[in-house]
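Work through the exercises below with the sequence and the model side by side. Try each task before you read its solution.

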Amino acid sequence: MKRIALFSVTLLLLTGVIPAFAAQPIKIGALFAITGPASFLGEPERNTAQMVVDEINKKGGIKGRKVEFIAYDTQGDATKAKQLVNKLIKNDKVSAIVGPSTTGETMAILDDVEKAGIPLISCAAGSKITDPVKKFVFKTAQNDSLAVAKIYEYLKKKNMTRVAILTVSDGFGSSGREQLKAQVANYGIQIVVDDTYAPKDTDMTSQLTKIRGSQAQAVICWGTNPGPAVIAKNAKQLGLKLPLFMSHGVSSKKFIELAGDAAEGIILPSGKVLVADLLSKNDKQKQSLISFVKDYQSHFKAEGDHFGGHAWDAVMLLKHAIGRRGEAPAAIAAELEKTRNFAGIGGTFTFSPQDHAGLTKDAFVLVEIKNKDWVLVK
Amino acid sequence: MKRELVKYLLLVAAAVSMPYFFSDGYMMNVLVFVGINTMLAVALNLLLGFAGQISLGHAGFFGLGAYISGVLTATHQVNPWLAMLIAAIAVSFLAFLIGFPILKLKGHYLAMATLGLGIIIYIVFNEAVDITGGPSGLSGIPNLALGSLVFDNDVKNYCLVWTFTIVTILLAVNLAHSRIGRALRAIHDSEVAARVMGVNVRLLKVQIFALSAFISAVAGSLYAHVMTFAAPASFGFHFSVELVTMVIIGGLGSIYGSLFGATLLTLLPELLRTFQDYDIIIYGLILILVTMFMPGGLVQGIPSLLGALLPKKKEGRG
């Protein structure tokens, strides 16, 4: 009997949670994949968001009120994201949520934020997040479709019509593959090889050999580090002479480091943050970009990338929306929808009731890797 | 038997009272997952704790349950309850077929074979994009409903999931105390001795494997309808290991131990969130300490810890 009594006491102890309450700041929640396989997204996003919030608070907050930033780590897992979004909504009672980092996690929590009526600004790229449009869901990462359009436009200009695509079998790659296949008709392009590789593969020579034996005039690879670097190296070893295109998933210095000499001549679409100082003075985003890069460098001694940029955009969009009509979740969502020509890091955002992604293909520029650095492709 | 009844009634009382403590807070949501994880831990414990057969692929059965249910209801508009039944039968049938060759293996080889099985299932979830939605997940799974009662919020889901959990525990406790339960323990201690005593070792191992898969698939199906979403990342190798940890931390061969193991491993990360970046270290440390100082699991460790503390201080609660 004693044992039974102890069981129930333990159960109670284990389940007894004491939530911490704070004063009266404006609460913004965040879900990022800070650890786990998607940490290359979540970490810069969390860092950036925290940096921007600190910056806002240092300047006196939004309309004199401090911002409290509550970030949780989802580890890239949809189940955790679902639990944590409930925690943000029900326990922390946040006014708006930034994140999650990946499309899968975002899709998992859409119902919850819609039901609770809390605005969510996702930092994930998948087009299905905002298509169809949901009242409270926005996103700052550029749609994959825009990146694909940018590459196909270039190919068409160069009269290349047969391509080989090599995509990674994860969320990013499968979404890219979908878009690459969907848009061929618009540009008169034909996919002659459609192959995939697994995120942890360390050798892609077999896929590339297959491509070498085909009619392809160009290779488009869709993945995030380190896979594409392996592909670049393998292609060089095989003496593959075809022009190699990458996705915006590798648009950071890390890729050049990983691929070394093999990176030379690779062309990829990228957010403008990589080439901030190369942009013309008339570029509306230039001011935001330069200040973001400078702040990130001074805070974290590292180069700000466009992943951090997604969080920068999300927090700034919220700041402006809250600044106009206060922190009531419904008002934030309504004000976000009215955002016009906000020049952020990922692009110039114009939301409308029909469009909660807010970007056009001008959000991307094509860059080429030359002498271990980026140059703009005209 | 009376003791078992008291324990069981205490559990039911605790489960029923939870909604009154945490009416609509975030805790209800966490407790839903505690319930699902408890079902999984109990299912695995039947195999690991009683029959002594390890499985590092149970997340795969869990995922199959979720995906079969999810695809049938979201893509083919099958009734969710029917889908749950189909998922459970299909998965246990699969386990039954695979069980015969796999369960001939012992020790590390069995661990590797089940590990491989789990990984294969995980890869299918990722690669069969047209069916499963691939890495970005399957959405649009409907909630379960009884007539006009739709299980669409945390409290309702809690009642739904814990009904299943409590029935699972009842079944498992009864099974453990039956002739079959004793036969399973005999297999655990010595297969040869069990066979000599007239136990059909081969068939019984496969049957318990299939039963374990059945419960896991039901848990998976519940998961899918509660989450209304499924993504492969939740059913990977990591989760299989977590399930084994729950069973071991709770106490091998104790049904209530699995309840405690699942509760601890599901709640601990939530409680440790206040430590922010250091939570993983503390989490790991607690697990190490529990396995070092409570080799019999929480179910033996906590009473003996309390026993050591209580005589000195009347109000010590551990």
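**Exercise 1. Find the sense in which strands E1 and E3 of chain A pair, and how many bridges link them.**

Solution. 
- Locate strand E1 at residues 26-32 and strand E3 at residues 96-98 of chain A. Helices (H or I, at least four residues) and strands (E, at least two) are DSSP runs, numbered from the N terminus.
- E1(A) and E3(A) pair in the parallel sense, over three bridges. Two strands pair if DSSP finds at least two bridges between them.
- Take Ala30(A): its bridge partner in E3(A) is Val98(A).
- In general, strands of a sheet pair through backbone hydrogen bonds, either parallel or antiparallel.

Before you go on, note that this is a predicted model: local features need pLDDT of at least 70, side-chain atom pairs count only at pLDDT 80 or more, and totals for chains, interfaces and linings use all residues. Residues are numbered from 1 along each chain as its sequence is written, while chains are lettered from A and ligands numbered from 1 in the order in which they are written.

**Exercise 2. Give the strand order of the open sheet in chain A, and say which strands stand at the edges.**

Solution. 
- Five strands of chain A make up the open sheet, in the order E2-E1-E3-E4-E5. Their pairing is parallel.
- E2 (67-73) and E5 (137-139) of chain A are the edge strands. Each has a single partner strand, so one side of each has no neighbour in the sheet.
- From one strand to the next, the twist averages 25°.
- H12 (residues 306-325) of chain A lies across E1, E3 and E4 (120-122), and runs at about 165° to E3(A).

**Exercise 3. Describe how helices H3 and H5 of chain B pack.**

Solution. 
- H3(B) covers residues 58-74, and H5(B) covers residues 107-127.
- Their axes are 8 Å apart, at an angle of about 30°. Axes are lines fitted to C-alpha atoms, for helices over the stretch in contact, and angles run from 0 to 180 degrees between N-to-C directions.
- That angle makes H3(B) roughly parallel to H5(B). The cut-offs: under 35 degrees is roughly parallel, over 145 roughly antiparallel, 65 to 115 roughly perpendicular, and the rest oblique.
- The crossing is left-handed. That term applies if the near helix is turned anticlockwise from the far one by less than a right angle; clockwise gives right-handed.
- H3(B) contributes Ala59(B), Gly60(B), Gly63(B), Leu64(B) and Tyr67(B) to the contact. H5(B) contributes Leu117(B), Gly118(B), Ile121(B), Tyr122(B) and Phe125(B). Residues are in contact if their C-beta atoms, placed from the backbone, lie within 7 Å.
- Sort the contact of H3(B) with H5(B) by class: seven residues are nonpolar, three polar and none charged. Ala, Val, Leu, Ile, Met, Phe, Trp, Tyr, Cys and Pro count as nonpolar, Asp, Glu, Lys and Arg as charged, and the others, Gly among them, as polar.

Technical notes:
Contact = placed C-beta atoms within 7 Å.
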